[in-house]
Each structure stands twice: as C-alpha cells, then as structure tokens.
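Please work through the exercises below with the sequence and the coordinates at hand. Each task is followed by a solution in steps.

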Amino acid sequence: MSDLSQIIKAYDVRGTVPDQFNETVARAIGTAFVEMLRESGDEPDQIVIGHDMRESGPSLAAAFANGANAAGAAVINIGLASTDQLYYASGALNLPGAMFTASHNPAQYNGIKLCRAGARPVGQDSGLAVVRQRAQQLLADLNAEADGPSRVEQRDVLKDYAAHLRSLVDLSGIRPLKVIVDAGNGMGGYTVPAVLGDQVLPALPLTIAPLFFELDGSFPNHEANPLDPKNLVDLQNAVREQGADIGLAFDGDADRCFVIDENGDPVSPSAITALVASRELAKFPGSTIIHNLITSAAVPEIITENGGKPVRSRVGHSFIKAEMASTNAVFGGEHSAHYYFRDFWFADTGMLAAMHVLAALGGQEQPLSEYAAEYERYVASGEINSTVADATAKIAEVRAAFPDASVDDLDGMTFQVGDGAWFNLRASNTEPLLRLNVEAPDADRMAKLRDEVLAIVRG
C-alpha cells in the first residue's frame with residue numbers, strides 16, 4: 001500500500017508512476033477529495049478535471065473521476081489542458097477542480113493540483129491533509145465504497161479560455177512582433193496557438209515561431225523547467241539567430257512563463273512583476289500588489305511610485321493566493337515566474353503575464369532590453385542552494401557575522417546590510433538545504449556579499 005505522506009505534500013500531489021502514484025491511488029484521492037469538500041460545507045455535485053501531456057495522465061484522471069463518481073460527484077473532463085486552463089474552467093464554471101500534472105518534474109512523475117470552486121487553492125492547511133488522511137484510509141479498507149454509476153462529461157474549453165484571456169489584454173493594436181516560444185514539449189504547445197495564434201480566434205499582429213510544440217511527456221529536447229538556465233539555451237540561440245523581438249519559455253504545465261529579450265538575455269521575473277504591476281495600477285489606481293520577499297527591492301519601489309500598495313509575502317503560491325484574496329490585490333508576482341491576477345480568480349497564469357509583456361513591448365518602439373531596463377535596478381544572485389547538516393545553526397552563524405544588519409524572520413531570515421544590499425536565507429521544507437538570495441546595487445557588491453555569506457554557510 002502506498003504511503004501517501006510521500007506524495008501528498010504542502011501544496012499538491014506528486015510522485016513517480018506507478019510505484020508511488022497509480023490508478024488505485026488516484027481513485028482513492030478522487031473519493032477523498034469529494035468527501036473533504038462535503039465535510040467542509042461545499043456541495044460538490046460536480047467537479048472539473050484536466051490533464052497535461054504526460055502519458056499516464058488520461059488513465060490517472062479516469063481513475064480519479066471514478067473515485068469522485070463513487071463519492072457522489074459528477075465529473076466534467078476537459079481533457080488536455082494547461083494548469084491555468086483548468087483554473088479557468090474551475091473559475092468560469094464555479095466548480096472544484098483537479099489538474100493532473102507534475103509541472104516541470106521529469107517524465108516518470110505525475111501529480112494533482114486541487115482547487116475549490118472559483119480556483120481557490122487546496123493546500124496542507126485548507127483541505128489537503130484531510131484528503132491524504134481519508135485516501136490513506138480508503139487504500140487500507142478492503143470494504144471501501146464500490147464503484148457508482150459513471151457520470152463523466154467530456155467538454156472542450158480551449159476556445160473559451162483563449163477568449164477570456166484575450167478579453168483581459170488587447171493585443172490587436174500593437175506593432176508587429178516576432179515571438180519565439182519554447183514550449184519544452186509541454187502544454188504551451190497546445191495553448192499558445194489558441195491564445196496567441198489564429199487556431200481558434202482571429203490572428204494577432206504576432207509572428208509565432210514555435211520551438212518544441214509537439215506534446216511529449218518524455219521531454220526529448222530538454223526539461224520543461226525554464227528556472228534552470230540550461231533549459232533556456234535553445235530559446236536564447238533561436239532569438240538571436242532569427243532576430244526575434246522576444247522569446248517566451250513555458251514550463252511543462254504552462255502556468256509559468258520566462259521572458260528573453262532580443263539579445264537572448266533573460267528578463268528577470270522581478271522586472272516582469274514590476275512591469276505588469278505598473279500596467280495593472282494604470283487600470284486600477286491605488287490597488288494592492290503582492291510580491292514575495294525575495295523579489296527585487298525594485299518591485300515595491302516601482303509599485304509605490306505608480307501609486308500602488310506593495311504587500312510582502314512569504315515564498316509559495318498558497319501564501320501569495322491567501323494574501324491576494326485577503327487584500328483584494330489586483331496582481332501578485334514571484335521570483336519563480338508565477339504571476340497571479342484578480343481578473344483570473346486570484347490564480348496564477350503564465351499566459352496572461354506573457355500577454356501583458358507583449359502588449360507593453362508592442363505599445364512602444366524600444367527593444368525589450370531597453371524597455372525592461374527601466375524595471376531592473378539592482379543585481380541579484382538568483383537562488384543558491386547549499387547542503388547543510390543543521391540549517392538553524394548555520395543561520396545563527398550568519399546572524400552573528402552581521403551584528404549591525406536589520407533582520408526580519410517573515411520567511412527564513414532577511415538581512416538588510418546597508419547601501420541597498422540585502423540577502424535572505426531560507427531552509428528547505430523537504431531537503432537539508434539552505435537557500436540563499438542576494439541583491440545589491442551593482443555586480444561587485446553582490447558578488448562580495450554572496451561569497452561572504454556562502455563562506456559561512458559552506459564552511
């Protein structure tokens with residue numbers, strides 16, 4: 001019997017197929033999900049499910065649907081989908097949802113992202129622990145509920161999803177742009193032609209040059225994880241060689257988007273956060289914008305300069321979404337290229353962020369490198385991981401080495417060390433790692449501070 005504590009974590013379900021995650025487990029989770037919703041006061045007469053391009057997706061989704069049917073809920077299956085397409089369906093239909101994906105994980109993995117009606121997240125403290133406990137009981141109970149009648153409706157929402165996104169950002173009047181998109185053999189190869197191309201809606205002034213649009217969950221070209229620089233190399237080369245205006249890279253389930261300028265250089269997610277925040281504040285003056293604590297210091301500066309209210313959050317989508325909902329924030333951004341929108345049920349969508357960038361770039365004449373420079377004020381290290389035996393002791397050592405720093409403990413410890421330089425140290429929740437992020441006004445100062453902290457952490 002599977003130990004579900006190994007695959008049902010803080011935010012989602014994720015494990016290797018079939019040893020950790022298989023049809024039997026998916027069926028139990030489907031029943032447990034519906035029962036959790038009912039016990040918490042929801043009335044889950046229907047739920048909506050979708051899956052990405054991984055080979056195991058259809059059979060796992062079907063087993064989950066079987067379990068949901070057994071618990072008394074009908075299922076709308078939207079089939080192939082990006083994660084944000086599933087969030088669209090959950091929001092537009094006002095139904096709980098289950099998305100079968102392992103995001104950027106390697107091919108042998110699959111998983112589930114669960115949400116309540118209106119794309120509200122289900123995490124450890126909002127129902128996922130209950131799902132795990134109940135599903136574990138079902139797997140141990142030889143007399144668990146028998147199958148009920150199959151009630152599964154197939155529905156295609158791709159065109160409606162594309163139309164909704166197009167209604168939020170008007171790209172029809174921008175200057176013509178050549179856009180290279182690296183889908184990494186993930187779901188961007190399915191959604192980009194619908195949203196940015198002319199597959200289901202009228203053409204936009206965009207010439208889309210596709211890289212790796214063939215849906216293939218074995219990821220034959222490179223991992224669908226643009227957070228790792230090596231997975232951006234193909235896109236960077238193509239942008240330079242083809243003289244494109246911009247490059248976009250999506251992860252496996254296409255809920256994150258990374259941006260490359262015309263020189264082949266990455267535009268930081270912090271700069272994208274500040275850029276999109278400025279656009280949203282122009283539409284909704286004085287609104288709240290959420291940013292996590294390791295985005296650039298430029299983000300709250302630019303939000304304030306544009307009349308907005310910056311609110312700092314812990315790292316992680318459950319914290320961002322909770323802050324979004326409690327403050328009615330119009331937008332939120334993370335260093336990991338997750339972008340959240342009030343107009344999208346407070347959920348994250350890389351596609352909508354990409355559309356904002358295209359609208360901003362195409363609405364003026366500067367190349368992206370020059371335009372984005374307005375939002376890049378500091379030099380960041382990126383996240384650096386170090387294996388440590390005792391994270392708490394190492395953080396204490398660092399604290400002692402910087403006695404004059406201003407320190408807060410919102411998430412790990414953030415040290416303000418003067419002259420605009422700062423760093424954050426956070427322990428991983430799942431591995432013996434310390435994660436370091438450093439930022440400073442210039443490269444030399446950043447490198448010096450980074451090396452000083454790493455010498456202590458790794459010493």
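**Exercise 1.** At what angle do helix H5 and helix H11 pack, and how far apart are their axes?

*Solution.* The model is a predicted one, in which local features need pLDDT of at least 70 and side-chain atom pairs count only at pLDDT 80 or more, while totals for chains, interfaces and linings use all residues. Residues are numbered from 1 along each chain as its sequence is written, and side-chain values use heavy atoms, with hydrogens and water left out.

Helix H5 (residues 158-168) and helix H11 (residues 350-362) pack at an angle of about 40°, and their axes are 10 Å apart; axes are lines fitted to C-alpha atoms, for helices over the stretch in contact, with angles running from 0 to 180 degrees between N-to-C directions. Helices (H or I, at least four residues) and strands (E, at least two) are DSSP runs, numbered from the N terminus. On the H5 side, Tyr-161, Leu-165, Arg-166 and Leu-168 meet Met-351, Leu-352 and Met-355 of H11, where contact means heavy atoms within 4.5 Å. By class, this contact of H5 with H11 has six nonpolar, no polar and one charged residues.

**Exercise 2.** Determine how H8 and H9 are oriented and which residues join them.

*Solution.* Helix H8 (residues 269-283) and helix H9 (residues 298-305) pack at about 15°, with axes 9 Å apart. The two helices H8 and H9 are therefore roughly parallel to each other, a label for angles under 35 degrees. Ser-270, Thr-273, Ala-274, Ala-277, Ser-278 and Leu-281 in H8 meet Val-299, Ile-302 and Ile-303 in H9. By class, the contact of H8 with H9 has six nonpolar, three polar and no charged residues.

**Exercise 3.** Locate Gly-264 and describe its surroundings.

*Solution.* Gly-264 is found in the loop between strand E11 (257-260) and strand E12 (266-267), and Gly-264 is buried, with a relative accessible area of 0%. Not counting residues up to four places away in sequence, Gly-264 touches Gln-236, Val-239 and Arg-240.

Definitions and conventions
Angles under 35 degrees count as roughly parallel, over 145 as roughly antiparallel, 65 to 115 as roughly perpendicular and the rest as oblique. Ala, Val, Leu, Ile, Met, Phe, Trp, Tyr, Cys and Pro count as nonpolar, Asp, Glu, Lys and Arg as charged, and the others, Gly among them, as polar. Buried means under 20% relative accessible area, exposed over 50%, partly exposed in between (1.4 Å probe, protein chains only).
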